[in-house]
Amino acid sequence: MNGSLFDIKECAIHDGPGLRQTVFLKGCPLRCSWCHNPEGLSARPELMVSPNGCTGCGRCREVCPLGGTMVGFGKPPGCTACGLCVTACPQRIRRVAGETVSAETLAARLMENADYYAGTGGGVTFSGGEPLMQADFVLETLRLLGPAVHTALETSGYGDENAFAAFTDAFNLILFDLKSMDDDIHRRYTGVSNRLILKNARRLCRGNTPFIFRIPVIPGVNDTEAHYRAVAELAQGAPSLLRVELLPYHITAGAKYALLQKAYQPGFETDRPIHIDLDIFTRHGIRSCVL
Amino acid sequence: MTDRIRRLKRYVITDKAHHALRFAPRDEYALAETFAQSGMGDMRRAGRRLIAMLEAETPVLLPEERIVLTRRNPTVFSMFTRAELERLPKERRIHERGDVSNIAVDYTRLLNVGLEAKREEIERCRAAFEAAGERDRADYLAMEAEILNAVMALCDRYRALAEREGRADVAACLAQVPRHAPRTFPEALQMFRILHFTMWLGGNYHNTVGRLDRFLYPYYRADRDAGRLTRETALEWLEEFFISFNRDSDLYPGMQQGDNGQSVMLGGRNPDGTSAFNELSELCLTASLELSLIDPKMNLRVDRDTPLDVFTMGTRLTKQGLGFPQYANDDVVIPALLAYGYAPEDAYNYGVAACWEFIVPGTGMDVPNIAAVSLAAAAQQAVADHLRQAEDFPALMAAVKANIRAQADDCMEHTKGLYLFPAPFLSLMMEGCVENGMDVSLGCRYNNYGIHGTGVATAADSLAAVRKYVYGDHSVGKEELLQALLRNFEGDGDLLAKLRFDAPKMGNNDPEVDDIAVELLDAFADSLEGKKNDRGGVFRAGTGTAMYYLWHAVTLPATADGRKRGEAIAANYSPSVFARVKGPVSILQSFSKAHLGRVCNGGPLTLELHDTLFRNEEAIQKVAVLVKSYMERGGHQLQLNAVNRDTLYEAQRHPQEHRNLIVRVWGWSGYFVELDKEYQDHIIKRMELSL
């Protein structure tokens, strides 16, 4: 079985216990306006071009089947990410994000260093994109990794309920994003309703898989007492909740958009001071921290 | 940090208010002219110069300070005239500035006995030599006694001033030290200050500090046990003490501004297997963290039994962005020092030179940075001269190894006839100098020389590319490569990109290249093994580079790793500057494969970690786990930098607003904005390829 990923990052330290290898799966049903991994949105491979280092030699245009429509030395409209320009570029500043690999290949790659990471109390984390979009591939990879590898999932929670149920059984730890408890705000800033997400979140709260709620704290969007309180109320009493983590928005989230020749239009005031309140969680008997 | 320390720090570090107390610079050579006119010998000159420097000092007490001695005369008098200094290198082998530098003295030889008792001992030895008709030795010791008198006289002037100004605590301390042995921790700190101050006055540089947490610990323990100090009051003393290392450091002679070599070594394993890491070690890390100052530089000895807590304390300090602590692995270094011939009591007592070279206190007149072999040039020349004829890759490797051997032979040959300027004050803290009436510059128990090896990654990457493309898949022809290298890749963009970006690179845990690096370092160690220098010492191969990485890069033609002529090579034991590496774990894996105990002169793997990695206490503990894992894999030495590239760019644009930004340069940390643009750019470049 094949899946699509855009990166395997080594030595991740904010994605679960210990040091971890994090697999970034490609494709996401959400369109969060603060997304810092824009190459994870589309399920299809995409060409990324670094703006620095281009000497204007024109080799990319020479080999591009759509060369005539290329603006400057960027990406032509209708680019299929065929990759011809990637190896033609003498500066190697072009690459294709998105690699199709089999579960066997991925598992074998992760196993190469599994002992090292296990020695640090760590393991493997699946992130994205949205892993739920490639649930069968992920589950097959987990099966191949075996029970000795500690596995964690980073998810938006937006996905098929059965797939999510299977994930809660298969993973050792789940890092679950809660972007907004208000459906209107959720639709406005992520493009989808939070109905399915909250349903999965409630399943998580009832179950016995250790989990963490994560709030990407976006200025003016969800840095409100109302949101914090709603999360605290949802999480209160959940037996397997480890803690709530707040991840304050940072302006560098926009760094990769230019590489995809996309405009970064976050739709909120990016430089507004962020309101953080951990006391609400403390009052509900929930551990919390800012990452 | 107490308010008093905060005020002291502002006075000395931020405002540099004490600079206003300095006298006008004097003629550096005037004294040497009088020496030359009277035909004075070098031993006598060294002593007279130091005494003149001590006499040129006029006491001053800075506001609120309790550990005194501040330089006022900014000029270090030369012991040789300008003409003599020009002539000397033509006649003799001179190392750097000629002065004894970069060694570790045994401070306890003075610290624990007091200068008066030492003078009496000197007098006894002098009388014995005099009776035996050993005139030179007797004269030398007479001069040593004079030096001690001059040190005590300066301290008496300080005491008198303290009394006049009503600074009773300072006066009381100086009534005890340096004349008598210190009784308390604060007196020991003041005594150390006096000794270190005098070392700098004598023209010696890279005056390392050593195992502070061992030789000051008895004073600390006694004061704590007697209730004279609490943890907090001891920390305050220690912080004032650390500030004193920065007071005159801009006046210190050396090779580079900021490169003071005031290295402290903490922790370590005792011969009986117990740990030497103690409360004072912890306090030193805390003081360094709270103060965030360049000096003194912290080094930390660790081993397989070191608890994670110690690494965590170290990582908190790393987060400050000073580029230290630097870690040394006892499990690798001690066996290596034993193999070099150090006695167990010395091997277990090792510290670190100004940068990273492993040295032993009180017995080592080692010169751990006497020369350097360019591994990159050895590979480059082998490709240029032998690729055509070499039928297979092993044949090419044989040529590389022959080049390494030839360079090593050349380096060793050029160490002959080393002349070091006499260092009478340092000699008082080195084994045998008083007993034998002989200056340490002439040798001590150990007289080993260290030879750096630069560009191992450039060499391994180049050879891996040749093995893969020329001998492996034949995608690059021999002539094609040789011509491109000769042309410095002009018009060879495709080949350049393939070599530079697609070829295997050290730092990615890729056996295709890492195995070659192992072979290169083995060959380097082999080329020095069993050889003796003309002082009877051995040669130690090392993975450090010092400045050589810049010098060697300038003359190095284009290399088969896709590096153009003149482009930088990496500092120390690190991936090539343009290698795209997967991350720190792969780097640690690549750089722990070599037999590092055989190339153990010193030279750390350098890891640049983005400062966001240190976001919270949990993350800090994970970085500590990463550091520990390098040691568990057999790494010898590790140095980490927490850097944010944006901050560096910002500092280049607005240097005035970033005067306190400290970065690790190679073996030392300096203020970023004070560095030459060349170094600034190199550091930024290094950053761009890290996390």
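This is a predicted model: local features need pLDDT of at least 70, side-chain atom pairs count only at pLDDT 80 or more; totals for chains, interfaces and linings use all residues.
Residues are numbered from 1 along each chain as written, chains are lettered from A in the order written, and side-chain values use heavy atoms, without hydrogens and water. Local features need pLDDT of at least 70 and side-chain atom pairs 80 or more, whereas totals for chains, interfaces and linings use all residues.

Helix H9 of chain B covers residues 185-201. Helices are DSSP runs (H or I, at least four residues), and strands are runs of E of at least two, both numbered from the N terminus. Of the 17 residues of H9(B), 17 are buried, so the rest of the structure largely encloses this helix. Buried means under 20% relative accessible area, exposed over 50%, and partly exposed in between (1.4 Å probe, protein chains only). Just after H9(B), Gly203(B) adopts a positive phi of about 85°.

Over all chains, 32 aromatic pairs were found. Rings of Phe, Tyr and Trp (its six-membered ring) pair if their centres lie within 6.5 Å; planes under 30 degrees apart are stacked, over 60 edge-to-face, and the rest tilted. Phe6(A) and Phe24(A) have ring centres 5.5 Å apart and planes at 40°, so this pair is tilted. Phe6(A) belongs to strand S1 and Phe24(A) to strand S2, so the pair ties together parts 18 residues apart in sequence. Both are buried.

A charge sits over a ring if NZ of Lys or CZ of Arg is within 6 Å of the ring centre and within 35 degrees of the ring normal. Arg97(B) lies over the face of Tyr205(B), 5.9 Å from the ring centre. Lys498(B) places its charged end over Tyr469(B), at 4.4 Å.

Note on methods
The expected span of a helix is 1.5 Å times one less than its number of residues.
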